[in-house]
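Here is a short report on packing and strand order. Keep the sequence and the 3D view open while reading.

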Amino acid sequence: MIIRILLGDDHAIVRQGLRQVLALMPELELVAEAKNGWEVLEGVRTHAPDLLLLDLNMPGPSGAELIKRVREEAPRLPILVFSMHGESQIAGRAI
């Protein structure tokens, strides 16, 4: 089974690196990339991914607000959040 991934990160170099890592795994397919919260929402609507790999801080809606909006669009979509912030409060808000 192929897992279709939408990647949301505002840094092109991070997207490029993750794209290269994901390309090494035949069971994963990167179906779209987004550089801001608006593109994430559009990608969720357009590509119906199986997994959203999401940076917590991006232009446009981001963080807990973006997660809330994604949940409204696709309530069952798993979201794997990554962030440069190590504070547990930030992780708690994302959850």
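## Around Val 44

Val 44 touches Leu 6, Pro 49, Val 70, Glu 73, Ala 74 and Leu 77, leaving aside its neighbours within four places in sequence. Contact means heavy atoms within 4.5 Å.

This is a predicted model: local features need pLDDT of at least 70, side-chain atom pairs count only at pLDDT 80 or more, and totals for chains, interfaces and linings use all residues. Residues are numbered from 1 along each chain as its sequence is written, and side-chain values use heavy atoms, with hydrogens and water left out.

## Nonpolar cores

A nonpolar core is a set of buried Ala, Val, Leu, Ile, Met, Phe, Trp, Tyr and Cys residues joined through side-chain atoms within 4.5 Å. Buried means under 20% relative accessible area (1.4 Å probe, protein chains only).

The largest core holds 17 residues. Val 40, Val 44, Leu 52, Leu 54, Leu 66 and Val 70 have the most contacts inside it. At least two residues of this core come from each of β2 (28–34), α2 (37–47), β3 (51–55) and α3 (63–73). Helices (H or I, at least four residues) and strands (E, at least two) are DSSP runs, numbered from the N terminus. A second, separate core has 6 residues, including Leu 7, Leu 28, Leu 51 and Leu 53.

## Sheet

Four strands form an open sheet in the order β2-β1-β3-β4, with parallel pairing. Pairing requires at least two DSSP bridges between two strands. β2 and β4 (79–82) are the edge strands, each pairing on one side only.

Strand β1 (residues 3–8) runs parallel to β2, joined by 6 bridges. Arg 4 has Glu 29 as its bridge partner in β2.

Methods: Buried < 20%, exposed > 50% of the residue type's maximum accessible area, 1.4 Å probe, protein only.
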